[in-house]
Amino acid sequence: MQVYNLSERPSLLTHFISEIRDREIQRDPLRFRANIERIGHIMAYELSKQLHYQTRPVETPLGTAPTAVLDEQLVVATILRAGLPLHHGFLDFFDRAENAFISAYRKVKDDEDFDIHVEYVAAPDLTDKELLLVDPMLATGGSMHLSWQALLKSCGTPRHTHMVAIVASQQAIDFLQSQFDDKAPVTLWVAVIDPALNEHAYIVPGLGDAGDLAFGSKL
């Protein structure tokens, strides 16, 4: 599985990452969601360089211009609820993509143990399409992997899967690489990699709970 770390060189992406991490800026949910969407725009653009295109003539007022246009049927999928702003950012760029939504959550057994449950999948047929599975936080990698399995089980096998996360732990990357060999049709895109998880399996330094920061706290 190939991994792209988009923060290896400073850019506007790293600037926006600094804002979604900042405790003071996080106090404004609208700005937090907007920054997640802007990060989605940048990541969608970078990912688009690995998609397939065909050249077709485009008639302008003064002539004909041969132009490379996207030649893929895309499905943008996200894990509810935290993934919605990132999903919107990707959909702004891949505006003709189909959409899929998965409900995955941690069911806590005690302070340091939990299971991940997938209860809801709404998706089109994925057969031979490009699947973009986006979620802002990749802590253990379990939710991403189980959501991918649930989509394939109920909706068909895509030609290629692009897993996308803004903040990923090194542990999650190691886990996903253990699930997919180098020939697997899966690519992982991350905006930044953090070194560790705490005892509750939250990313450190991370940014906190992306769903709560975007939409408010929950019971």
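Predicted model: local features only at pLDDT ≥ 70, side-chain atom pairs only at ≥ 80, totals over all residues.

The chain has six helices and 12 strands. If you draw a box around the C-alpha atoms along the principal axes, you get roughly 65 × 40 × 30 Å. Of the 219 residues, 45% count as buried. And take the contacts with a separation of 6 or more: 68% of them are between residues 24 or more positions apart.

Okay, now find helix α1, residues 12-21. Which of its residues are buried? They are Leu13, Phe16, Ile17, Glu19 and Ile20. These five cover an arc of only 160 degrees around the axis, which puts them on the same side of α1. And what covers them? The cover includes helix α2 (29-48) plus strands β9 (160-169) and β10 (186-194).

Next, the charges. Side chains of opposite charge can pair when their charged atoms come close. A search of the whole structure turns up 10 salt bridges, and I want to show you Arg159, which pairs with Glu72 at 2.4 Å, N to O. Arg159 sits in the loop between α4 (142-155) and β9, while Glu72 is in the loop between β3 (63-70) and β4 (74-80), so this pair ties together parts that are 87 residues apart in sequence.

Arg159 also forms a salt bridge with Glu130, with the closest N and O atoms 3.6 Å apart. Arg159 itself is partly exposed, at 39%.

There's another bridge, between Asp212 and Lys218, at 3.2 Å, N to O. Through shared partners, Arg81, Asp209, Asp212 and Lys218 are joined into one network.

Last stop, the surface. The chain exposes about 11500 Å², and carbon and sulfur atoms supply 51% of that. Look for Val118, Val121 and Leu146: they form a nonpolar patch with about 170 Å² of accessible area together. Val121 belongs to strand β6 (residues 113-122) and is partly exposed, at 30%.

That's my tour, thanks!

Note on methods: Residues numbered from 1 in each chain as written. Heavy atoms only, no water. Patch = residues over 30% accessible without salt bridge, like charges linked within 9 Å, V, L, I, M, F, W, Y side chains within 5 Å. Areas by Shrake-Rupley, 256 points an atom, 1.4 Å probe, with all protein chains shown as cover. Salt bridge = Lys/Arg side-chain N within 4 Å of Asp/Glu carboxyl O. Helix = DSSP H or I, 4+ residues; strand = E, 2+ residues; numbered from the N terminus. Buried < 20%, exposed > 50% of the residue type's maximum accessible area, 1.4 Å probe, protein only. Contact = heavy atoms within 4.5 Å. Arc of directions from axis to C-beta.
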